[in-house]
Protein chains: 2
Amino acid sequence: MMSTELGTTKPQLSNIEGLRRAVEESPFDAVVALSPHNFPYVAGCFVGTQTSVPLRLAMAIWCKGDDEPILLVCNIETPLVRRESWVKDIREYVEFKTSPIQALADILREKGLERGKIGVELTHLMACYYLELREWLPHAEIGTSEEVFNRVRAVKTPAEIALLARAADLTLRALLATYASSQEGDVERDLVSKLGANMLACGADSPAFLYMGCGPNAGVAHPPPSDYRLKQGDTIKTDCGALFSGYRSDVARTAVVGPPNDEQRRIWEALIKTHTDSIALVRAGNRACDVYNGTKAVAEKHGFPWMMPHQGHSIGIPTHERPILQPFEEWELVPNMCFCVETRVRWAGKTGYNVEDLVQVTEKGPIVHTRFFPGEWLFQI
Amino acid sequence: MMSTELGTTKPQLSNIEGLRRAVEESPFDAVVALSPHNFPYVAGCFVGTQTSVPLRLAMAIWCKGDDEPILLVCNIETPLVRRESWVKDIREYVEFKTSPIQALADILREKGLERGKIGVELTHLMACYYLELREWLPHAEIGTSEEVFNRVRAVKTPAEIALLARAADLTLRALLATYASSQEGDVERDLVSKLGANMLACGADSPAFLYMGCGPNAGVAHPPPSDYRLKQGDTIKTDCGALFSGYRSDVARTAVVGPPNDEQRRIWEALIKTHTDSIALVRAGNRACDVYNGTKAVAEKHGFPWMMPHQGHSIGIPTHERPILQPFEEWELVPNMCFCVETRVRWAGKTGYNVEDLVQVTEKGPIVHTRFFPGEWLFQI
């Protein structure tokens with residue numbers, strides 16, 4: 001899926017054999033991938049307009065018994081998909097002239113499935129398209145397909161782990177470079193801009209999100225960049241991510257302007273103890289909810305104020321994907337799942353602290369891929 | 001909607017009075033804004049996770065007869081929304097514990113609308129949430145609300161026009177700086193990275209998309225960055241956009257490495273003639289489809305190979321919004337609509353050329369906000 005010199009072989013990131021098996025074992029006659037994460041995972045090719053022009057659908061239709069899916073894309077994207085994808089059967093529709101859903105229904109009818117069981121990503125497909133599909137195929141049974149793909153995507157291939165680890169590491173280096181070159185009096189907006197530029201300099205294809213809350217903005221989860229000027233004693237709570245060959249990073253570290261005071265030290269110490277204990281829970285056999293509930297328990301032990309609805313999430317092509325480390329997520333952790341474990345605390349509109357690491361589940365316990373950040377992590381600028 | 005020094009007054013970008021009127025004149029008892037463009041337009045506040053965590057809904061519920069909407073957001077985002085929005089009634093739901101749709105249904109029931117006509121953005125709401133809403137409110141009549149908002153958003157306020165013009169101008173300057181510092185032998189991936197950095201240096205909050213097709217990649221609409229090296233005679237077809245205070249830019253220019261040959265000059269001349277004639281069609285009273293069909297006619301006259309399904313689009317918070325300059329779009333152009341007019345040609349996998357400008361409809365004809373690019377626009381590097 002990585003685009004290198006034109007014409008050279010690309011590394012295979014996706015687990016195509018796992019997908020093939022998942023389609024066979026699914027309750028559907030055909031499953032359709034159409035989200036900006038599942039389509040590229042199946043097709044081995046990123047269509048950027050899936051996010052910028054969401055109604056321009058790109059779909060992979062995989063029928064039970066078939067060795068390969070059929071791709072259906074807007075004709076504007078056909079040359080790219082023909083060049084980049086491993087899939088041979090590529091169909092196209094002309095935007096505004098033919099509805100992508102009509103074209104999908106045509107393919108399903110061609111495959112003899114007008115009365116079939118069709119799995120579609122109902123957590124992504126827009127309601128208008130769902131209603132249209134019901135009209136084109138009134139006798140089909142339409143269910144939700146994302147679990148078929150999500151279960152495969154949740155366990156990362158060695159190539160994916162290498163890419164995710166590199167992405168997280170470089171993003172964190174970009175953040176460190178930003179902190180290291182900042183000081184009292186700097187403007188929040190300029191810090192954000194510098195972080196974005198540092199991500200690009202570190203090899204990201206693009207920044208994905210840049211939340212750097214300075215001073216009172218650290219008390220907001222996702223503050224927009226403002227003209228606030230750094231003062232002595234401020235915390236800077238950064239949560240940021242970038243795009244690397246279609247995959248995402250998501251890391252967080254806190255800095256303080258000048259030497260931390262006693263209260264800041266106390267909060268940070270409790271946060272890091274909680275975080276370290278939380279990472280230790282990311283092991284095969286635990287369920288995702290066990291990590292959440294276990295972290296909640298240790299937070300209380302360490303005197304860390306607990307308030308978060310989730311303690312992290314799997315990461316891959318999207319930023320948040322299942323399993324989510326939340327109290328109702330029953331999925332069991334298995335080796336080569338990769339999680340962003342994020343521990344944070346905020347006092348609304350006042351201040352906040354956070355830390356987030358990329359953690360891989362292995363047979364022998366968690367591997368933290370984002371360990372290099374110096375000192376005790378409460379970076380002093 | 002622009003975040004400046006904390007606590008200072010923010011300029012009002014949205015047309016709130018127009019929204020209020022649109023809600024009153026709509027066929028619905030309540031309309032719900034929930035897309036990453038309509039929610040911030042109504043609320044006056046950007047919630048970044050609307051795009052990075054799409055299932056974490058943020059909604060504005062505006063009931064007929066009410067002077068203001070009610071906002072409903074995930075509790076993680078409440079401090080931001082309380083600080084940034086002009087709306088007073090802000091409700092929250094706890095992610096994973098309560099479904100955002102259940103919380104929406106509660107509010108609609110509280111407003112006495114369990115049998116009401118509810119307008120929801122069906123071009124954005126996920127099918128799973130639509131089906132859930134039907135279950136929570138089985139007696140409500142659910143229709144599609146986006147036209148209520150889209151009609152208001154399509155006509156830009158003076159503050160929006162100033163922001164869009166600045167965004168387009170700075171993005172184009174970033175592209176020019178990138179071309180001006182590039183040469184034969186440079187790697188496509190590095191050009192992309194430099195363009196992103198130049199956008200940030202020019203004041204963008206983040207790059208949004210960076211398509212720089214070099215050589216054969218110019219024959220692809222949206223190529224991912226590759227290791228291709230620029231050769232003499234290559235074209236570079238760039239289509240790029242950035243984020244400025246939540247609004248988007250989208251501009252395009254082509255460059256050639258070394259002096260253009262006769263064929264390149266011929267293609268470019270026909271493209272520019274077609275583009276200039278196309279812009280002249282962007283005037284009040286024409287319908288969007290008239291611009292498309294008229295451009296198709298002049299392209300044939302100028303010997304320019306015509307192949308595109310649309311000739312541009314309105315721009316604002318999203319990159320593509322209605323009206324789209326496509327053959328079936330009947331909306332009439334009115335003053336202060338703003339369009340990205342894009343003229344392009346590609347020979348799949350071989351080469352391509354494009355140009356895209358920000359054009360404002362006025363009573364006295366089109367204003368092009370992106371005129372400064374030097375020479376005849378086929379930039380020679």
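This is a predicted model: local features need pLDDT of at least 70, side-chain atom pairs count only at pLDDT 80 or more; totals for chains, interfaces and linings use all residues.
This briefing describes how two protein chains are built and how they meet.

Chain A holds 11 helices and 16 strands, and its domain assignment gives domain 1, residues 16–154, and domain 2, residues 158–380.

**Chain A as a whole**

- The radius of gyration of chain A is 23 Å, close to the 21 Å that the globule rule gives for 381 residues, so chain A is as compact as a globular protein of that length.
- Taken along the principal axes, the C-alpha atoms of chain A fill a box of roughly 70 × 40 × 40 Å, and 55% of the 381 residues count as buried.
- Among contacts in chain A between residues at least 6 apart in sequence, 68% join residues that are at least 24 apart.

**How the two chains meet**

- The same surface serves both copies, since 100% of the contact residues of chain A recur in chain B.

**The two domains of chain A**

- The centres of domain 1 and domain 2 of chain A, taken over C-alpha atoms, are separated by 34 Å, and the contact takes 7 residues from domain 1 and 9 residues from domain 2.
- Helix 2 (38–43) and helix 7 (146–154) of chain A are the elements that give two or more residues to the side of domain 1 that touches domain 2, with helix 7 giving the most, at 3 residues.
- The residues on that side of domain 1 divide into 4 nonpolar, 2 polar and 1 charged.

**Buried packing**

- In helix 7 of chain A, the residues A:Glu146, A:Val148, A:Phe149, A:Asn150, A:Val152 and A:Arg153 are buried.
- The buried residues of helix 7 of chain A pack against helix 1 (16–25), helix 2, strand 1 (30–33), strand 5 (117–120), strand 6 (141–144) and strand 12 (321–324) of chain A.
- The largest nonpolar core has 237 residues, and those with the most contacts inside it are A:Met59 and B:Met59.
- Not counting residues up to four places away in sequence, B:Met59 touches B:Val32, B:Ala33, B:Leu34, B:Phe39, B:Leu72 and B:Leu104.

**Backbone features to notice**

- Most residues other than glycine have a negative phi, and most peptide bonds are trans.
- The peptide bond from A:Arg322 to A:Pro323 is cis, with omega near 0°, and A:Pro323 lies in strand 12 of chain A.
- In chain B, a cis peptide bond with omega about 0° joins B:Arg322 and B:Pro323, and B:Pro323 lies in strand 12 of chain B.
- A:Ser245, in the loop between strand 8 (235–244) and strand 9 (247–248) of chain A, has a positive phi near 50°, and A:Ser245 counts as buried because it has 21 C-beta neighbours inside 10 Å.
- B:Phe96, in the loop between strand 4 (90–93) and helix 5 (100–110) of chain B, has a positive phi of about 75°, and with 17 C-beta neighbours inside 10 Å B:Phe96 counts as partly exposed.

Note on methods. Residues are numbered from 1 along each chain as its sequence is written. Chains are lettered from A and ligands numbered from 1 in the order in which they are written. Two residues are in contact if their C-beta atoms, placed from the backbone, lie within 7 Å. Domain bounds come from an automatic or database domain assignment. Helices (H or I, at least four residues) and strands (E, at least two) are DSSP runs, numbered from the N terminus. Ala, Val, Leu, Ile, Met, Phe, Trp, Tyr, Cys and Pro count as nonpolar, Asp, Glu, Lys and Arg as charged, and the others, Gly among them, as polar. A nonpolar core is a set of buried Ala, Val, Leu, Ile, Met, Phe, Trp, Tyr and Cys residues joined through C-beta atoms within 7 Å. A residue is buried if 20 or more other C-beta atoms lie within 10 Å of its own, exposed if 12 or fewer, and partly exposed in between; C-beta atoms are placed from the backbone. The radius of gyration is taken over C-alpha atoms; the globule rule is 2.2 Å times the number of residues to the power 0.38.
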